[in-house]
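Have a look at it first, then read on.

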Amino acid sequence: MTELAHGTVIVQSGEAVLPRWWRSVDRVSIGCILALFGIGILLGFASSPPLAERTGLPPFHYVIRQAFYGGLALVVMLVVSMLSPLTIRRLGVTGFFITVAAVALLPVFGTDFGQGAVRWYSLGFAALQPSEFLKPVFVVFSAWMIAASQELGGPPGKTVSLLVTGILVGFLAMQPDFGQAALLIFAWLVLYFVAGAPMAALFALMGAVGAGGVYAYNNSEHFARRIDGFLTAEVSPNTQLAFAEEAIRNGGLFGAGLGEGSVKWTLPDAHTDFIIAVAAEEYGLALVAVIIALFAAIATRGFFRLMRERDPFIRLAGTGLLSLFALQAFINLAVAVRMLPAKGMTLPFVSYGGSSLLSTGIAVGMILAFTRTRPQGDIRDHLIAQGR
Amino acid sequence: MTQRVPLRPLTRILKARAEGADPDLIERENLRLRHEAARDTLRQRSEGRLLLLALCFLLAFGAVGTQMAALATGEADEPVRAASTAGAEVTILNTRADITDRAGRVLATNFATNALYAHPHEIVDARAAADGLARIFPDLDADTLYARLNSEARFLWLRRYLSPEQEQMVHDLGEPGLHFGPREMRLYPNGRVAAHVLGGAGFGQEATNAAEVIGVAGIEAAFDTALRDPDRRAPLQLSVDLTVQDAVEQVLEGGMRLMNARAAGAVIMDAHTGEVYAMASLPDFDPNARPRPPVDGDPALSPLFNRTVQGVYELGSVFKTFTIAQAFELGLYNPDDVIDTSGPLQMSGFLIRDFRDYGPRQSVAEVFVRSSNIGTARIAQAIGGERQRDFLDRLGLLAPTQVEVMEAPLGRPLLPERWGELSTMTISYGHGISTSPLHLAAAYATIVNGGTRVQPTLLRQDSVTPGERVISETTSARMRALMRDVVASDIGTASFGEVPGYAVGGKTGTADLPLTAGGGYYEDRNLTTFAAAFPMDAPRFVVIVSLQEPAETSGQEPRRTAGWTAVPVAAEVIRRAAPLLGVRPSIAPGVTDRLSSTSN
């Protein structure tokens with residue numbers, strides 16, 4: 001039978017799960033993600049031995065952990081990508097309520113690990129940061145609400161999700177964790193934007209966010225210090241930023257050579273927030289360009305696939321998750337070149353970190369599930385939509 | 001655009017009713033169609049917005065990539081500074097106004113030169129470069145340099161500035177990895193002259209293409225902001241006279257050697273305006289190559305230490321001038337009044353002695369001219385501590401001088417914790433209170449100029465309104481007569497101070513130096529001071545000369561008093577400086593015959 005609708009894959013009923021998955025999933029994106037993960041392990045060999053040495057562990061302790069958690073994250077990602085959007089929505093919304101409860105109970109049961117912000121649950125063998133897991137399920141919940149509001153007789157989803165966002169932002173600001181709060185606001189704004197919000201409302205909301213930022217600047221020392229640090233032209237030469245910049249400069253086009261980098265010895269966060277500096281120093285601009293290209297490829301491919309998606313929930317949820325993923329990568333890279341104020345954000349799949357890897361795995365699994373090719377309605381719908 | 005479709009298509013409903021069909025079905029169908037249309041609009045809109053989002057992210061990633069590329073391929077800069085200037089390009093202003101003396105002779109100016117740095121990765125032949133550089137700069141070690149040029153570093157500073165000859169020689173090495181960075185350097189064409197007044201300058205913010213010159217001491221630091229003001233055109237004109245300054249430094253240096261002193265200081269100040277014509281402190285340094293602060297030894301003997309402004313000392317008998325002047329001013333004594341000077345004078349377990357026994361009774365004038373501690377202490381008892389303190393305060397001796405060098409606030413006088421009767425008596429002859437030589441100069445100017453307060457200044461003053469009156473004209477005149485007697489009379493302590501034609505007057509001071517460990521004084525180490533003014537009938541200049549630990553060894557045993565050490569040096573200073581200062585010698589009748597027109 002001839003393919004009548006452009007860009008669709010004919011789904012034969014009764015086809016086995018795995019072949020169907022393989023035919024419909026975005027295989028290029030999976031390839032990009034595997035490449036990123038591989039680069040992450042490669043850089044882990046370079047960046048984490050100094051840390052292991054400092055903490056008195058075998059030199060490749062963190063690489064092994066990274067491989068373990070990364071493998072786990074990849075499995076989770078693949079499993080999630082095989083689920084149907086409906087299942088994801090149900091699991092996601094359930095997960096959302098659980099995570100919100102976890103975040104809300106942080107002040108009671110959480111620990112701050114001496115870092116000044118109560119963000120973690122100590123599980124003994126590992127530390128769990130519930131706000132890491134909050135973002136993907138929050139996007140699913142909000143997308144569900146907003147999509148439902150577009151249905152006939154649907155709930156007032158936009159208002160509900162906006163209220164929920166406000167409450168969650170309040171929780172996160174109390175920790176304080178302004179970074180995650182800003183990400184939630186950003187995610188909701190993207191959803192609202194893609195859901196076809198009127199421009200006036202968008203501008204009004206952005207104004208409100210700006211005003212909130214000013215308020216936070218005036219009332220939170222933590223926040224003000226970060227912003228001030230960014231706005232001053234001078235960087236004290238002993239800060240992480242200065243070291244990172246120096247590392248990128250030292251790397252040049254093709255790098256100082258394997259193991260020749262020095263930034264990993266001076267930067268405490270070389271294996272997490274400043275992994276790109278290690279990449280730049282040892283492998284040069286070449287590898288950095290590859291990493292950026294991989295992220296850009298995942299983002300653009302995802303957005304273009306979502307453009308063809310007709311189901312509002314899938315489109316919205318996919319967009320929100322993909323935006324968060326791309327934004328996180330962008331922020332991490334931009335901080336290292338001082339385009340943005342210092343914000344502890346990991347580079348998805350590349351940086352070391354158990355929670356971060358797992359939550360990224362879940363989020364990217366959902367993205368893959370949402371961007372799978374599926375039949376987009378009948379020919380009539382299609383022709384009307386194209387003909388207008 | 002939006003086509004208005006009625007919610008209930010009435011014609012169809014009417015028709016359906018006529019046919020007996022369910023009109024609700026039609027309504028629902030209609031609603032469904034409307035909703036689908038709305039959804040399609042929305043979908044179109046979100047398609048566009050998704051495209052926009054994708055473009056935004058592509059742009060963002062592109063920007064990061066570009067920035068990374070710019071950083072990675074950028075010119076290697078000095079690491080530390082590079083990091084600090086990367087965010088916002090900091091422009092380095094390196095205009096700095098000249099400093100001139102009172103006649104407009106240049107004391108400090110700028111000189112365009114180059115700094116030398118290396119990009120080791122661009123070095124072609126590190127061995128040849130290291131050897132060549134070591135030849136040009138003998139203080140560089142070829143092997144160390146070779147190791148540094150061969151290292152992984154991307155950037156190395158080699159020299160802060162080069163002479164034109166050195167620059168040409170580096171050019172001739174033909175090494176592409178060596179680079180020049182333009183620099184303005186501060187140049188003091190007179191070398192060591194007025195070193196402590198000028199202080200010196202160093203580099204502040206440095207980048208390869210420019211460096212900012214900042215004042216680090218002296219007047220360069222005190223006027224740093226004003227000198228760096230890019231709108232400023234006029235040079236900073238000081239009250240210092242280069243020729244007088246040079247003469248004073250030469251004489252003082254010679255005097256210091258001759259008297260075997262460890263350090264010396266001198267001030268020449270206009271008695272009416274407080275303008276400092278010369279201010280010297282030895283040992284000194286070359287501000288073109290300011291030495292590092294010493295890490296060991298007595299910091300007060302370091303070349304960087306400005307003894308005349310920053311150093312505070314118990315100056316000894318030169319303080320008697322103030323005690324006697326106050327006694328006259330208060331009307332307690334007249335110069336011819338005779339007082340009891342039998343000694344030693346015992347006061348709360350402390351013995352006040354004179355250098356020699358001058359007899360049981362002396363006139364006040366004799367007390368001053370012979371420098372009797374006992375007599376002065378007795379007079380101070382009559383004055384009382386509170387009045388004494390107030391008087392010294394009005395002379396400016398109890399607070400740091402306001403002179404325009406960075407070190408001025410450091411010269412804070414040391415005062416007794418409790419200004420009791422004993423303190424009053426010792427302070428009357430200059431012990432138990434420490435001030436700087438510059439304090440002394442200003443206070444003497446006040447005493448001799450007719451009695452108005454003088455503030456020391458290093459800036460040329462074109463008109464000065466007399467300060468507040470501290471003593472009357474009469475008292476000032478009496479003090480001038482007594483000070484002249486110290487030099488001119490047979491019993492005076494400063495007979496070596498006579499300079500023919502200039503009617504020098506003054507007061508000597510010989511103070512034992514306090515033990516470095518504290519709690520007492522050295523027997524054989526002292527600070528000798530001669531505080532003088534000339535010409536004594538209408539004083540124009542005050543001269544202070546002080547020597548630390550002098551010993552005049554021409555006699556049987558070393559002589560350490562001011563009359564044998566500081567006074568002759570001061571006399572020589574006046575002999576050399578007075579003509580340069582434009583003071584005409586007054587020639588006594590009968591002397592003219594013996595002058596020849598070719599005398600030198």
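B:Pro535 sits in the loop between β15 (521-534) and β16 (541-548) of chain B; strands here are DSSP runs (E, at least two residues) and helices likewise (H or I, at least four), numbered from the N terminus. Another cis bond joins B:Leu282 and B:Pro283, where omega is about 0 degrees. B:Pro283 belongs to the loop between β9 (276-282) and α11 (320-329) of chain B. Then there's B:Ala194, which is not a glycine but has a positive phi of about 65 degrees. You'll find B:Ala194 in the loop between β4 (178-187) and α7 (195-198) of chain B. As a reminder, most peptide bonds are trans, and most residues other than glycine have a negative phi.

A word on the ground rules: this is a predicted model, so local features need pLDDT of at least 70 and side-chain atom pairs count only at pLDDT 80 or more, while totals for chains, interfaces and linings use all residues. Residues are numbered from 1 along each chain as its sequence is written, chains are lettered from A and ligands numbered from 1 in the order in which they are written, and side-chain values use heavy atoms, leaving out hydrogens and water.

Now for the interface. Chain A puts 56 residues into the contact and chain B 43 residues, contact being heavy atoms within 4.5 Å. Together the two chains bury about 4,600 Å², with 68% of it on carbon and sulfur atoms; buried area is the accessible area (1.4 Å probe) lost on putting two parts together, summed over both. A:Phe193, A:Arg249 and A:Met307 supply 15% of the area that chain A buries against chain B, more than any other three residues.

| Salt bridge | N to O distance |
|---|---|
| A:Arg310 and B:Asp40 | 3.6 Å |
| B:Glu29 and B:Arg32 | 3.5 Å |

B:Glu29 and B:Arg32 are about one helical turn apart, because they are three residues apart in helix α2 of chain B.

Helix α2 (residues 23-73) of chain B also gives three residues, the largest share, to a nonpolar patch. That surface patch is made of A:Phe304, B:Leu51, B:Leu55 and B:Leu58, with about 330 Å² of accessible area together. Patches take residues with over 30% relative accessible area and no salt bridge, joining nonpolar side chains (Val, Leu, Ile, Met, Phe, Trp, Tyr) within 5 Å and like charges within 9 Å; the areas come from the Shrake-Rupley method with a 1.4 Å probe, and for residues only the protein chains shown count as cover. A:Phe304 lies in helix α14 of chain A.

Note on methods:
Salt bridge = Lys/Arg side-chain N within 4 Å of Asp/Glu carboxyl O.
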